[in-house]
Amino acid sequence: MSGLDRQVLRSLPKEIRQPEYDLETTARGIVHLGPGAFHRAHQAVYTDLAMSAQGGNWKIDGVSLRSKDLRDKLKDQDNLYSLMVLDDSPYVQIIGAFNQIFVLGEQRKQVMDAMTDPNTHIISLTVTEKGYCLSNKGELDWQNTDIKHDLANPEAPISAIGLLVAALKVRFAQQNAQLTIISCDNVSDNGDKLAKAVMTFAAEVSTPLANWIAQNICFPNTMVDSITPATNDELRATTKGKIGVEDAWPIQRESFSQWVVEDKFSGPRPVWDKVGVTFTDDVHKYERAKLRVLNGTHSTLAYLGTLCGLETVYSAICIAPIEQFIRKLLSQEILPSIGNSDAMDLDQYADDIINRYHNKHIRHLLAQIAWDGSQKLPFRILNAIRDNIKEERSISLLCVPIAAWCLFVGKRYKEQQELVDPIAETLLALAQKHADFPLQLADAIMDLTSVFDDLTTNEEFRSIVKRHVLSLSSINQHNLNVCLSDLA
């Protein structure tokens, strides 16, 4: 047999799960911007399951805003790929949800045709926090280079926001409003912020267009959750061993998967509710818990673990002092910042998160989680700090990941390793200036209003972070007990 494609599906081992709908005749109903690993392991899987459950023309046209790697790797596989679910009882599922994969810079006409087709009823996005081109106040950043480009070149946008407005302009002319735009990124109030950014940009193009969008197009808020480590050669080899053929780009994830969507649509949708998606009138209670409990502790593990020379979430959580610190952080400062929730047992949710970190089958790299700290930390940590300050609760433990991030920036500079962050140039310049003075580096980083906003002038916050910088500046795997015990 050759590589994975439609022709070999019948020959795959019987235990391999496969789509139960007609791959040849099922048409596209969704366009997704940013078809990275998380989307392919999460929303695309729910869509695949929904089509298997009840049919419908809900295949996905994926649009890569930059890279052509995914398109080129999957084009010979009929856009099929393998999902490896890693747990004590692992399984492989073939996903057939993709119709086409386009690269915006090379296939702009096809992208626009798909986004403006009356048969496209959903446009979804996973473009990471920085892809929304927002300021630290959560509003459209007019100084963003992509937004400046799109204002000057509205017919050839390169940002997700500009692209959405260009498509909506065409649909406005067609009076085709049977469309819902769904953010699936880890951004608080993601649908609300996306809607505001789109309408703000649209108002610069045409006031009637902006009004039409506001009156006709829904942008539901969502919460997404499933740990999805990056694809590597080991996964490719394991997948080939399971399915018996080459897969150019398989993906992996833990068995746990959650998708909560605000029940606010301006067009039809797949039967996602029949395959595990939760529709609710209030996503915020789920979102806040996830951002702070899961994502907040993820970032804490990433920066603490990296300072100790650790590589994965599993290796970090298996060190007793680190797990003890994470549990203390959760119980004393994160859970109180969330408040009461009738929809969730927060203590149980926190325990479940820790248990998921102990999944030895998941190799989730701390370096990957540490990416884009300037964009992630405001949502994951800083908002919880603000809430605790307002209620006069402790913020000491929540300041630890901020101190660890400052040291992490300095460490990347000293070791001449890449710092993946939208403001990497600024951060590395500060690290160079204060290379041998971690307290001065922390002070300089905390002066960045684009990240810390009002907290830049909060002396209590600043002093606690600097105290932790001192405690953590010499941390390693051998002195964890001493260092972490000094952080309370």
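1. Start with the aromatic cluster. Tyr46, Trp259 and Trp272 are tied together by ring pairs. Keep in mind as you look that this is a predicted model. Nine aromatic pairs turn up in the structure. In the pair made by Trp259 and Trp272, the ring centres sit 4.7 Å apart and the planes meet at 50 degrees, so this pair counts as tilted. If you wonder what those two numbers are for, a pair of aromatic rings is described by the distance of the centres and the angle of the planes. Trp259 belongs to strand β10 (residues 258-262), while Trp272 is in the loop between β10 and β11 (278-280), so find both places on the chain; the two residues are 13 apart, and the pair links distant parts of the chain. Trp259 is buried, at 2% relative accessible area, and Trp272 is buried with a value of 2%.

2. Next, have a look at Arg269. Which rings does Arg269 lie over? One of them is Phe265, with Arg269 over its face at 4.7 Å from the ring centre. The other is Phe279, where Arg269 lies over the face at 3.8 Å from the ring centre.

3. Now for the nonpolar cores. The largest has 126 residues, and Trp272 from point 1 is among those with the most contacts inside it, along with Ile385, Trp405, Ile445, Phe452 and Phe461. Helix α16 gives the most to this core, with 10 residues. Another core lies apart from it, with 44 residues, including Val127, Leu140, Ala166 and Ile213. Leaving out neighbours within four places in sequence, Trp405 is in contact with residues including Tyr303, Leu377, Leu427, Ile445, Val451 and Phe452.

4. Tyr21 sits in the segment before β1 (28-33). Is Tyr21 buried or exposed? Tyr21 is buried, with a relative accessible area of 11%. The side chains of Tyr21 and Asp48 are joined by a polar contact of 2.5 Å. The Tyr21 side chain also reaches the backbone oxygen of Gly96, at 3.2 Å. Setting aside neighbours within four places in sequence, the contacts of Tyr21 include Thr26, Met51, Ser52, Lys59 and Ala97.

5. His121 is in the loop between α4 (108-116) and β6 (122-125). His121 is buried, with a relative accessible area of 17%. His298 is buried, at 5% relative accessible area. With neighbours within four places again left aside, His298 is in contact with Ile227, Val313, Tyr357, His364, Ile369 and Arg380.

6. Last, a quick backbone check. Most residues other than glycine have a negative phi, and most peptide bonds are trans. What is phi of Gln175? Phi of Gln175 is near 55 degrees, a positive value in a residue other than glycine. Gln175 is in the loop between α6 and β7 (180-183), and Gln175 is exposed, with a relative accessible area of 54%. Glu392 also has a positive phi, near 60 degrees, and is a residue other than glycine. Glu392 is in the loop between α15 (373-390) and α16 (399-414). Glu392 is exposed, at 76% relative accessible area.

Terms used
Residues numbered from 1 in each chain as written. Predicted model: local features only at pLDDT ≥ 70, side-chain atom pairs only at ≥ 80, totals over all residues. Heavy atoms only, no water. Helix = DSSP H or I, 4+ residues; strand = E, 2+ residues; numbered from the N terminus. Buried < 20%, exposed > 50% of the residue type's maximum accessible area, 1.4 Å probe, protein only. Contact = heavy atoms within 4.5 Å. Core = buried A, V, L, I, M, F, W, Y, C linked by side-chain atoms within 4.5 Å. Phe/Tyr/Trp six-rings, centres within 6.5 Å; stacked < 30°, edge-to-face > 60°. Lys NZ or Arg CZ within 6 Å of the ring centre and 35° of its normal. Polar contact = N/O pair within 3.5 Å; in protein donor to acceptor, adjacent residues only side chain to side chain.
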